[in-house]
Amino acid sequence: MKYNNTKADNELINTILLFLFKDSSEEGLNLETEILRPLGLNPDDAELRRITRVLTHTGFAQITERDTYDGDFIYVVPTGQVHLTSEGIKMLSEYSTYLDYLKKKAEIISKENADRKIKNLSSIATVFISLLSVATATLSIYISKNGQSDSETKIELLNKRIDSLSNKLNSTLLKLSSI
């Protein structure tokens, strides 16, 4: 499932991850009592579960679990302790904050989208120029069969226009790719 976190969620995730990064103990911190309450947040159980889901979905933090045996069954019970994963430590070491990581990720996606658009425009321009060339060749064949000499001048002009258009398209694509 993909989450589209709100700005507030991202800021809270950032704060929690920074708490955990500064703590650096193996057992981590209790999400509710050692992180959220000191921040002045007192979430109900449903909100705490939501925050936990959103936080662990990043892959940068994990909730510690323990096995509980009641005589018949073994249950896995979350302890409420949250700690950074190795990916979380790596991300914070590289980007300093979760918000900086998100910003860099958005920049990369934006550049990839721009590159894809330029590639698509280039393909469209190539097809357009190819179609114009086919039209010119077809016209040239038609004229050569009918022996119209003044039309040869028109074909030369058409070829020059195609070359000019092709150069302008290439120039525009080069300018777009440098953005």
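The side chain of T52 reaches out to the backbone oxygen of L48 at 2.8 Å, a polar contact in the sense of N or O atoms within 3.5 Å, where within protein one must be able to donate a hydrogen and the other to accept it, and where residues adjacent in sequence count only if both atoms are side-chain atoms. The model is predicted, with local features needing pLDDT of at least 70 and side-chain atom pairs counting only at pLDDT 80 or more, while totals for chains, interfaces and linings use all residues. Residues are numbered from 1 along each chain as its sequence is written, and side-chain values use heavy atoms, without hydrogens and water.

T52 belongs to helix α3, helices being DSSP runs of H or I with at least four residues and strands runs of E with at least two, numbered from the N terminus. Beyond its neighbours within four places in sequence, T52 is in contact (heavy atoms within 4.5 Å) with L31 and I63.

The structure also holds four aromatic pairs, in which ring centres of Phe, Tyr or Trp (its six-membered ring) lie within 6.5 Å, with planes under 30 degrees apart called stacked, over 60 edge-to-face and the rest tilted. F60 and Y101 pair edge-to-face, at 5.2 Å centre to centre and 90° between the planes. Because F60 lies in the loop between α3 (45-57) and β2 (61-69) and Y101 in helix α5 (residues 98-146), this pair ties together parts 41 residues apart in sequence.

F60 is buried at 9% relative accessible area, buried meaning under 20%, exposed over 50% and partly exposed in between, with a 1.4 Å probe and protein chains only. Y101, at 18% relative accessibility, is buried as well. The rings of Y98 and Y101, with centres 6.1 Å apart and planes at 25°, are therefore stacked, and ring pairs link F60, Y95, Y98 and Y101 into a cluster.
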